[in-house]
Amino acid sequence: MRSWLFVPGNRPDRMVKARGLSADVLILDLEDSVAAPEKAAARACVLEALCAPRGPNRLWVRVNPLHSSDFDADLDTALKGGADGIVLPKAESGESVRALGAACAARGRTCPPVLAIATETARAIFGLGSYAGLSPDLAGLTWGAEDLSAVLGSARSRGGDGALTGPYALARNLTLFGAVAAEVQPIDTVWTDIRDLAGLEQECLAAVRDGFTGKMAIHPAQVPIINRCFRPSDEEIAVARRIVEAFAADPAAGVVAIDGEMIDMPHLKRSRLILQRAGEQA
């Protein structure tokens, strides 16, 4: 799942339009994009969208935080509508995911896959190593700068050159490590300047370079760029196939030679990941 597009839960018109986009996941949002007086109406809109005939997009629901007054009603909406997954904001550790699972179990339901937004409080940073063992309930970890900035009292999360400042680079990097340690997808955060598509592309390529497997989006124009950047190039796929095939031809080998270069197990593991990202069996 490469592209995760937020759609306000109180905007049924946008939900309809989003179904025609190539986003892998539509996140029907009941949290930040919906003002408090509109929460109940948004839940009705989201339930209607979930119950409508499904298209190629997966429909996930971002509920309000676990201990908020809206959480129970949000979760009921997601489960009743058969959401493909739940985005859990302000997760502080693996215990947050377990608590979500317990809330589903108390309703006699199996918890859908969860994408935890795992950096939105100061406490959450110290819990990024606690998500191991939660797959398959946990599908991925992602991070966000906006809520964390409010908590820290930061003036901004990026410097004049556009690069993340220290606290936010740390949050991003620890999310990547935490997701890989938990064997789930690491998903990069949103690019907030919807006019700067060149900047988005640069950030996507940097995320791919570092090991992220997808990125969240806040505008439809961002989706094609995310999809393109997070799909391996034809050259990468071809090389990965050769490596996988070489090891398959000699299962006992720990090292194989391809074009005069010695290829070992880390190369094989990376090649399999590339083929998985390309939608191929590895």
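Colleague: Which residue in β6 does Ala 116 stand opposite?

Modeller: Ala 116 stands opposite Leu 141 in β6. Bear in mind that this is a predicted model.

Colleague: How do β5 and β6 pair, and over how many bridges?

Modeller: Strand β5, residues 114-117, pairs with strand β6, residues 138-142, in the parallel sense, and the pairing has 4 bridges.

Colleague: Which helix packs on the sheet there, and what does it touch?

Modeller: Helix α4, residues 94-106, packs on the sheet and touches β4 (85-88), β5 and β6. The direction of α4 makes about 135 degrees with that of β4.

Colleague: And the sheet as a whole, how many strands are in the barrel?

Modeller: The barrel is closed and has 8 strands, in the order β1-β2-β3-β4-β5-β6-β7-β8, with parallel pairing. On average, neighbouring strands of this sheet are turned by 25 degrees against each other, direction ignored.

Colleague: Switching to pockets. What volume does the largest pocket have?

Modeller: The largest pocket has a volume of about 1100 Å³. Its lining has 32 residues, and Gly 211, Thr 213, Leu 273, Gln 276 and Arg 277 are the ones nearest the centre.

Colleague: Which element supplies the largest share of that lining?

Modeller: That is α11, with 6 residues. The elements that each supply at least two residues to the lining of the largest pocket are β6, α7 (166-182), β7 (185-188), α8, α9 (223-230) and α11 (265-277).

Colleague: How do the lining residues of the largest pocket divide, nonpolar, polar and charged?

Modeller: There are 16 nonpolar, 5 polar and 11 charged residues in the lining of the largest pocket.

Colleague: What about the second largest pocket, how many residues line it?

Modeller: The second largest pocket is lined by 25 residues, and Phe 6, Asp 29, Arg 62, Val 190 and Ile 218 lie nearest its centre. Two or more residues of this lining come from each of β1 (3-8), α1 (12-18) and α6 (146-152). The most come from β1, with 4 residues. The space in the second largest pocket is about 480 Å³.

Colleague: One more. Where is Glu 203?

Modeller: Glu 203 is in helix α8, residues 197-210.

Colleague: Is Glu 203 buried or exposed, and why?

Modeller: Glu 203 counts as buried because its relative accessible area is 15%, and the cut-off for buried is under 20%.

Colleague: What does Glu 203 touch, leaving out residues up to four places away in sequence?

Modeller: With those left out, Glu 203 touches Arg 158, Asp 188, Val 190, Trp 191 and Lys 215. Val 190 is also among the residues nearest the centre of the second largest pocket.

Note on methods: Residues numbered from 1 in each chain as written. Predicted model: local features only at pLDDT ≥ 70, side-chain atom pairs only at ≥ 80, totals over all residues. Heavy atoms only, no water. Buried < 20%, exposed > 50% of the residue type's maximum accessible area, 1.4 Å probe, protein only. Contact = heavy atoms within 4.5 Å. Pairing = 2+ DSSP bridges. Axes fitted to C-alpha atoms, helices over the stretch in contact; angles between N-to-C directions. 1 Å grid on protein atoms, 1.4 Å probe; cavity = no way out; pocket = protein on both sides within 12 Å on 5 of 7 lines; lining within 4 Å. Points joined across faces, edges and corners; volume = space filled by probe spheres on them. Nonpolar A, V, L, I, M, F, W, Y, C, P; charged D, E, K, R; others polar.
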